[in-house]
Amino acid sequence: MSYKIVFIDEEKEQQEWFEEYFDNHKKDEISIISIFPGTSMEDMICILDEQHPDAIIADFLLNEIKEDIKHNVPYNGVDLVQTYQYRRPEFPCFILTSKDEDALNESSDVNMVYVKGFLKNEKGNTTVSFYDRVIRQITAYRERLERAQLEVDELIEKRRSGR
């Protein structure tokens, strides 16, 4: 199975770390697209739409370190994924952060927030890796889409046949 994951962070170093994490866990065909946050929410949503991702993973504080970007980012990772999920409900999105309390306070879904240290130390803390959690979320989302399509197809057939 192949997957396309978009990672958004304002630091190139964090993007490289994230790509390395997925390379080290790779069990499937995964394409990681690391991007810097856009200058506006609208621009960022367009960029995400153009990528056609299977999941979005964003840093919480997208405006914190200005070494690799020079523009102001007027939104955080929670704002971004919630805006995206408004358009695509239940789409697999995750927030990585060093400031989990702040991210949890802003998020309407505590299950999408992960501390970056969790990825670095997951061997001793859990039996399910972040990698596996992302893949499971993508798989579950795809299954929901397939079920919904089958229901639509059945309704169309009922309509055609007059039942």
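Trainee: At what distance does a polar contact join the side chains of threonine 39 and aspartate 43?
Mentor: This is a predicted model, in which local features need pLDDT of at least 70 and side-chain atom pairs count only at pLDDT 80 or more, whereas totals for chains, interfaces and linings use all residues. Residues are numbered from 1 along each chain as its sequence is written, and side-chain values use heavy atoms, with hydrogens and water left out. A polar contact is a pair of N or O atoms within 3.5 Å; within protein, one must be able to donate a hydrogen and the other to accept it, and residues adjacent in sequence count only if both atoms are side-chain atoms. For the side chains of threonine 39 and aspartate 43, the polar contact is one of 3.1 Å.

Trainee: Which residues is threonine 39 in contact with, leaving aside its neighbours within four places in sequence?
Mentor: Threonine 39 belongs to the loop between E2 and H2, where helices (H or I, at least four residues) and strands (E, at least two) are DSSP runs numbered from the N terminus. With a relative accessible area of 43%, threonine 39 is partly exposed, on a scale where buried means under 20%, exposed over 50% and partly exposed in between (1.4 Å probe, protein chains only). Counting as contact any heavy atoms within 4.5 Å, and setting aside neighbours within four places in sequence, the partners of threonine 39 are His71, Asn72 and Pro74.

Trainee: Which residues of helix H2 are buried?
Mentor: Helix H2 covers residues 41–51, and Glu42 and Glu50, on the other side of H2, are exposed. The cover over the buried residues of H2 includes strand E1 (2–8), strand E2 (29–35), strand E3 (55–59) and helix H3 (77–87). The buried residues themselves are Met41, Met44, Ile45 and Leu48.

Trainee: In what order do the five strands form the open sheet?
Mentor: Two strands pair if DSSP finds at least two bridges between them, and E1 and E2, which run parallel, are joined by seven. The pairing in the five-stranded sheet is parallel, and the order is E2-E1-E3-E4-E5.

Trainee: Which strands stand at the edges of the sheet?
Mentor: The open sheet has the order E2-E1-E3-E4-E5. A strand with a single partner strand has one side left without a neighbour in the sheet, so the edges are held by E2 and strand E5 (113–115).

Trainee: What is the angle between the direction of H2 and that of E1?
Mentor: Axes are lines fitted to C-alpha atoms, for helices over the stretch in contact, and angles run from 0 to 180 degrees between N-to-C directions. H1 lies across E1, E2, E3 and E4 and runs at about 175° to E2. H2 also packs on the sheet, where it touches E1, E2 and E3, and its direction makes with that of E1 an angle of about 160°.

Trainee: What is the relative accessible area of threonine 97?
Mentor: Threonine 97 is placed in strand E4 (residues 93–97). Apart from residues up to four places away in sequence, threonine 97 touches Asp59, Phe60, Ala103, Val113, Tyr114, Val115 and Lys116. Threonine 97 is buried, and its relative accessible area is 2%.

Trainee: Which backbone oxygen does the side chain of serine 107 reach?
Mentor: Serine 107 sits in the loop between helix H4 (100–106) and E5, and with a relative accessible area of 11% serine 107 is buried. Beyond its neighbours within four places in sequence, serine 107 is in contact with Val78, Gln82, Met112 and Val113. At 2.9 Å, the side chain of serine 107 reaches the backbone oxygen of aspartate 109.

Trainee: What percentage of the residues of the protein chain count as buried?
Mentor: The protein chain contains seven helices and five strands, and its C-alpha trace spans about 65 × 40 × 30 Å along the principal axes. Of the contacts with a separation of 6 or more, 71% come from residues 24 or more positions apart. Among the 163 residues of the protein chain, the share that counts as buried is 40%.
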